[in-house]
Amino acid sequence: MNRFAALLDRLAYEPSRLGKLRLMTDYFRQVGDPDRGFGLAALTGALSFRLAKPALIRMLIYERVDPVLFDLSYDFVGDLSETVALLWPGKADETAAPPPGLAEVIETLESASKLDLPRVLARLLDALDETGRWALLKLITGALRVGVSARLAKQAVAELGGYSANDIEDLWHGLAPPYLDLFAWLEGREARPDPADPARFCPAMLAHAVTEKELAALTPADFAAEWKWDGIRVQAAVGRGPRGKIIRLYSRTGEEISAAFPDLVDGLGRAASESFSLDGELLIVRDGRVQAFGVLQQRLNRKQVTAALLSDFPAHIRAYDLLALDGEDLRALPFAERRQKLEAFVAAARVERLDLSPEIAFASWDFLAAARHDPASAGADWAAIEGVMLKRRDSIYVPGRPKGLWYKWKRDPFAVDAVLMYAQRGHGKRSSFYSDFTFGVWRAATGGDELVPVGKAYFGFTDAELRLLDRYVRNHTTNRFGPVREVAYGKDEGLVLEIAFEGLNRSSRHKSGVAMRFPRINRIRWDKPAREADRLETLERLIIA
Amino acid sequence: MQAGLLTLKPAGLYCAAGDFFIDPLRPVGRAIITHAHADHARAGHAQVLATAETLALMAVRYGENFAGATQSVAYGETLGIGGVAVSFHPAGHVLGSAQIQLERGGARTVISGDYKREADPTCARFTPLVCDTFISEATFGLPVFRHAKTAAEIDKLLASQRLFPERTHLVGVYALGKAQRVIALLRAAGYDRPVYIHGALEKITAYYQEAGIALGDVRRATGAGDLPGELVLCPPTALNDLWSRKFAEPLTAFASGWTRVRAHARQRGIELPLVISDHADWDGLCATIQETNCETLLVTHGEPDALVHCFRQRGLNAEPLHILGYGDEEADAPPETGA
């Protein structure tokens, strides 16, 4: 466990992608089976033991540390695992038995019943040092957060044998921890494992952002245009395995999300074809209208998939691309050909929850710019549109983000000048800095104008700006409410923040009646007097429906 | 607010009986200074009372005319000021740092200043005092702060230097105290190569050497080349400056108690965190408060709430004492003060 904990600790500090790769490859080279295989499973999120809820970890620490001291510490550190790792009473005898290895830890956790878990976890924590405890708690809460994607970990392991991440991806869903066959192949000791998964994940093709200026250099006729739908990008894979039909739904990064969408899995199972792989956007559709991302988010936020949830938030796939059909890999075909096959497939499938992402006919960039600016008047189902996509008609389907093939041309963000009202300490990388900022705009009230909070932003600024903001908060605090500080604001004092955001919804949960989508701090307006910040009426004019 | 013999005024802690301030935040008539870090020792007072080392360090930093008049006091010496017996005692924080003890009519108040309990080869070791009212700092006043063994942190630095012999190891240190302590700790670990320092550390390091603290071969980094594999000490703010880029693939370390919390080190872009602190950790704070046998505890800058909670449970009259302006180490005098 110690070697793996040390790897996680180093990864957490290592800023560069190359450095992270080198640290991981070095770990896979130096550590033996089966520990390194479990390490790979942990980094790719492929472990299957029962996760401990934060509530369980809190219970364990409350039995050992004064709850008030714990709460104050947690507020400062901002990370549950790290707080508990630091506060857990250490071993009195440092020469006691050596700490357990990663494989042993994982076997212990896998075999623990729900009833046993608190006792088993406490015993493991007793046996580890601070870094070991931190790593174990990260593992068991399912949130490593060391800046490593499953893809990067796969690339690191691929480098053992001079292969690429895609080579691993092709095999991945047929493999299981501790991956003895994979390591044996990578180290040239055995033949390549058989990629027999009939419903495997194909790494997604992604687009580059583009500006109007860059478009001028491109020829409109070379491209097909579609709306950019604001849902979650998914891949639906269906195939026949030894024990019957397999239907899987993957996220963009290859995580399986089928369990959260039984309604979609059911629908896809009734498609005419027995074997296909589809790229598309998961959206909520009510009465034939696509709903805004905020609505989808309400479904994503639920832990339990209830019947009410399924009927109130019907999930839907809007298809972008067809990657495989009836055992044939289509990814090497040009987009225009795949599109034809996709149209035929969707028409033949007759699945109520599946439709086609429509193409936008256009002859010039100006025409497309106008449609992007106002999707509704271009006849689109506009509530979940965040711009347009451009795909070269001759582009094959390349995993990753290849240059020059696909572009996303997002709608311009909205911007508003608001006044800083409250600040709270952040979490993760920003813990112990005041980094979550609540801001408000002016509205008329009985005693004259007042500021009303309209949103909260915790990014958009640089690390250097964060330190300035943190200092500003500390030096202008007028009130403290636990972890929250109120700062000085009014007509004659206060800090103005330029807030960029993607859209605005009406909200009954907020005092102001509006909720911003994706707000971030665009600029700190040290120069602008608070009295000149925007008014609520300005925001209300932007509300969608 | 009343704190033993003291009241809290906008300029800081004030003793009416003796008509003096302790570590005032703005120019006053008479100031008693615990130690020379910029957030405690400011220029422009009419009279300053401090240890000889603190006065000398203030002169290094602010120039000879930093105060109208100065008076130096030795550790253990007692002065009578307006019927108050004032004495200075080692605080173990940096060279010259002192706790201030005030006594009048049998009632005793101690102001800790910044302090640590761990031995430090560059300054006198903390002396425990007994008092009725104790005013303690709380920079690391949370139980998550349990400093590592300092020698092990120095080993970590030297191990990294062996592992990456092609990279310059830049170590962020506060200019007063931490820089000299890290050099002394390196020497104690048997490191005998030259140690390079940023120009901003030079004057204070030279003063430590004049004061008889052996630091070995210390050289200025500027103009010395890109120094692959060498140790270069600099103010924390210089780690991300253009200045740092002239070195060979610099690897950034930071010697501070704050690095105990990962997010702090990551936020600063630190690759090698070294938990070396000149402040008492949680255990050190608790043990010290216990040893004073005080009835009233006032907790100033840093994180007072946990200590207040803890000692109220133990039956003390404990309160936070919010003095703005201390411990904001990088506010106006970036490199200097002390975590």
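This is a predicted model: local features need pLDDT of at least 70, side-chain atom pairs count only at pLDDT 80 or more; totals for chains, interfaces and linings use all residues.

Which are the buried residues of helix 9 of chain A?

Modeller: The buried residues of helix 9 of chain A are A:Gly132, A:Arg133, A:Trp134, A:Ala135, A:Leu136, A:Leu137, A:Lys138, A:Leu139 and A:Ile140. That is 9 of the 12 residues of helix 9 of chain A, so this helix is largely enclosed by the rest of the structure. Helix 9 itself covers residues 130–141 of chain A and reaches 17 Å from its first C-alpha to its last, close to the 16 Å expected at 1.5 Å a residue. After helix 9 of chain A comes A:Gly142, with a positive phi near 75 degrees.

What lies over those buried residues? The cover includes helix 1, helix 3, helix 4 (54–62), helix 6, helix 7 and helix 8 (117–127) of chain A. Two of these covering elements, helix 3 and helix 7 of chain A, also pack on each other, at an angle of about 60 degrees and with their axes 8 Å apart. From helix 3 of chain A, A:Asp35, A:Phe38 and A:Gly39 meet A:Leu102, A:Ala103 and A:Ile106 of helix 7 of chain A. By class, the residues of this contact divide into 4 nonpolar, 1 polar and 1 charged.

The loop between helix 6 and helix 7 of chain A holds A:Pro98. With 9 C-beta neighbours inside 10 Å, A:Pro98 counts as exposed, in contrast to a residue such as A:Trp134, which is buried. A:Pro98 and A:Leu128 are 30 residues apart in sequence, and their C-alpha atoms are 8.7 Å apart in space.

Helix 1 and helix 6 of chain A, both part of the cover over helix 9, lead us on to the other chain. The contact between the chains takes 24 residues from chain A and 19 residues from chain B. On the chain A side, the elements giving two or more residues are helix 1 (2–13), helix 5 (67–77), helix 6 (80–87) and helix 19 (463–475). Helix 5 of chain A gives the most, with 6 residues. The residues on this side of chain A divide into 11 nonpolar, 6 polar and 7 charged.

Stepping back to chain A as a whole, its secondary structure comes to 20 helices and 21 strands. Buried residues make up 38% of the 545 residues in chain A. Among contacts in chain A between residues at least 6 apart in sequence, 70% join residues at least 24 apart.

Strand 2 (residues 223–229) of chain A runs antiparallel to strand 11 of chain A and is joined to it by 6 bridges, with A:Ala225 partnered by A:Leu390. Strand 11 of chain A also pairs in the antiparallel sense with strand 12 (residues 406–410) of chain A, over 5 bridges. There A:Gly387 stands opposite A:Lys410.

Chain B, across the contact, has parallel pairings to show. Strand 5 (residues 30–32) and strand 6 (residues 45–50) of chain B run parallel and are joined by 3 bridges, and B:Ile32 stands opposite B:Leu49. Strand 6 of chain B pairs in the parallel sense with strand 7 (residues 67–72) of chain B over 5 bridges, where the bridge partner of B:Leu49 is B:Gln71. Together with helix 1 (residues 52–62) of chain B, strand 6 and strand 7 of chain B make a right-handed β-α-β unit.

Chain B also has an open sheet of 7 strands with mixed pairing, in the order 8-9-10-11-12-19-20. Its edge strands are strand 8 (78–81) and strand 20 (317–320) of chain B.

How values were computed
Residues are numbered from 1 along each chain as its sequence is written. Chains are lettered from A and ligands numbered from 1 in the order in which they are written. Two residues are in contact if their C-beta atoms, placed from the backbone, lie within 7 Å. Helices (H or I, at least four residues) and strands (E, at least two) are DSSP runs, numbered from the N terminus. Ala, Val, Leu, Ile, Met, Phe, Trp, Tyr, Cys and Pro count as nonpolar, Asp, Glu, Lys and Arg as charged, and the others, Gly among them, as polar. Axes are lines fitted to C-alpha atoms, for helices over the stretch in contact, and angles run from 0 to 180 degrees between N-to-C directions. Two strands pair if DSSP finds at least two bridges between them. The expected span of a helix is 1.5 Å times one less than its number of residues. A residue is buried if 20 or more other C-beta atoms lie within 10 Å of its own, exposed if 12 or fewer, and partly exposed in between; C-beta atoms are placed from the backbone. A crossover is right-handed if, with the strands pointing away from the viewer, the path from the first strand over the helix to the second runs clockwise.
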